[in-house]
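Work through the exercises below with the structure open. Try each task before you read its solution.

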Amino acid sequence: MTDYTPIQQQYPAPQAAPPRNGLGTAGFVLGLVGLVFSPIPIVGVIAWPLVVLGLILSAVGLARVRAGKATNKGLSIAGIVVSVLGLVVSILWVVVLGKAIGDVNEQATQHHTIVYSVTGDAKTADVDYSTFDQAGSVKTETGATVPWTKTVEATGVLIGAFTVSTGEAGGTVTCKVVVDGQEVKTATASGEFALASCSGF
């Protein structure tokens with residue numbers, strides 16, 4: 001009598017389904033691209049819609065995971081994180097840019113009183129100073145008697161020039177610039193044809 005041992009067939013174990021979360025993936029990609037662009041001046045404007053859309057899609061992807069319709073929870077959470085970071089950077093840029101524009105506008109309309117003065121033991125000096133008129137010209141007074149002073153009114157951003165030079169007779173001269181009651185520049189020069197510069201205030 002022959003004994004037959006049944007042959008057991010071995011079937012391969014079923015493979016696990018790959019993680020799926022299309023909305024979470026799209027949200028992560030959009031949030032990451034938005035985060036990369038957000039700190040770049042001007043170009044960062046396109047980061048706004050990217051990070052907002054990335055945040056929405058990532059949140060929907062997370063909701064689908066909780067509802068059992070998607071399986072990749074980590075990607076949705078990562079998408080939310082990078083989207084929020086991109087949004088924060090974008091908001092900070094808007095605040096910084098807004099403050100910078102406000103400061104420029106304030107300086108452009110601000111009124112200033114500039115007082116130029118020259119002192120020293122030199123009898124005379126040649127003086128060049130900014131007039132801050134519409135042409136933005138520099139006026140020259142040759143052989144001005146020391147001490148010498150001039151008051152100029154200006155509106156807007158100040159970029160001034162003020163130089164004093166002695167002649168052949170030499171001597172010592174000191175130039176000083178006072179803007180709105182505060183001394184901003186001073187310099188002293190001695191000797192023949194010496195130059196004292198108080199420019200760049």
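## Exercise 1: An aromatic cluster

Phenylalanine 162 counts as buried, because its relative accessibility is 0%. Buried means under 20% relative accessible area, exposed over 50%, and partly exposed in between (1.4 Å probe, protein chains only). The model is predicted: local features need pLDDT of at least 70, and side-chain atom pairs count only at pLDDT 80 or more, while totals for chains, interfaces and linings use all residues. Residues are numbered from 1 along each chain as its sequence is written, and side-chain values use heavy atoms, with hydrogens and water left out.

**Task.** Find which residues form one aromatic cluster.

**Solution.** 

Step 1. Rings of Phe, Tyr and Trp (its six-membered ring) pair if their centres lie within 6.5 Å; planes under 30 degrees apart count as stacked, over 60 as edge-to-face and the rest as tilted.

Step 2. Count the pairs. The structure holds six aromatic pairs.

Step 3. Take one of them. Tyrosine 116 and tyrosine 129 are 5.4 Å apart, centre to centre, with 50° between the planes, a tilted pair. Tyrosine 116 lies in strand S1 (residues 111-119) and tyrosine 129 in strand S2 (residues 124-130), so the pair ties together parts that are 13 residues apart in sequence. Helices (H or I, at least four residues) and strands (E, at least two) are DSSP runs, numbered from the N terminus.

Step 4. Check burial. Tyrosine 116 is buried at 0% relative accessibility. Tyrosine 129 is buried too, with a relative accessible area of 3%.

Step 5. Go on to the pair of tyrosine 116 and phenylalanine 162. This pair is also tilted, at 4.7 Å centre to centre and 50° between the planes. It links distant parts of the chain: tyrosine 116 is in strand S1 and phenylalanine 162 in strand S5 (residues 162-165), 46 residues apart.

Step 6. Name the cluster. Its members are Tyr116, Tyr129, Phe132, Trp148, Phe162 and Phe201.

## Exercise 2: The faces of a helix

**Task.** Find which residues of helix H1 are buried, and what they pack against.

**Solution.** 

Step 1. Locate the helix. H1 covers residues 22-37, which is 16 residues. From first C-alpha to last, H1 reaches 23 Å, close to the 22 Å expected at 1.5 Å a residue. That expected span is 1.5 Å times one less than the number of residues.

Step 2. List the buried residues of H1. They are Gly24, Gly27, Gly31 and Gly34.

Step 3. Look down the axis. The buried residues of H1 fall within an arc of 95°, so they line one face of the helix. The arc is that of the directions from the helix axis to the C-beta atoms.

Step 4. Turn to the other side of H1. Gly22 and Val36 are exposed there.

Step 5. Find the partners. The buried residues of H1 pack against helix H2 (47-66) and helix H3 (73-109).

## Exercise 3: The disulfide

**Task.** Find which cysteines the disulfide joins, and which parts of the chain it ties together.

**Solution.** 

Step 1. Search the whole structure. One disulfide turns up; the term means a pair of cysteine sulfur atoms within 2.5 Å.

Step 2. Name the ends. Cysteine 175 is joined to cysteine 198, S to S 2.1 Å.

Step 3. Cysteine 175 lies in strand S6 (residues 172-179) and cysteine 198 in the segment after strand S8 (195-197), so the pair ties together parts that are 23 residues apart in sequence.

Step 4. Read the torsion. About the S-S bond it is about 90°, so the disulfide is right-handed.

Step 5. Check burial. Cysteine 175 is buried, with a relative accessible area of 0%. Cysteine 198 is buried, with a relative accessible area of 0%.

Note on methods: Contact = heavy atoms within 4.5 Å.
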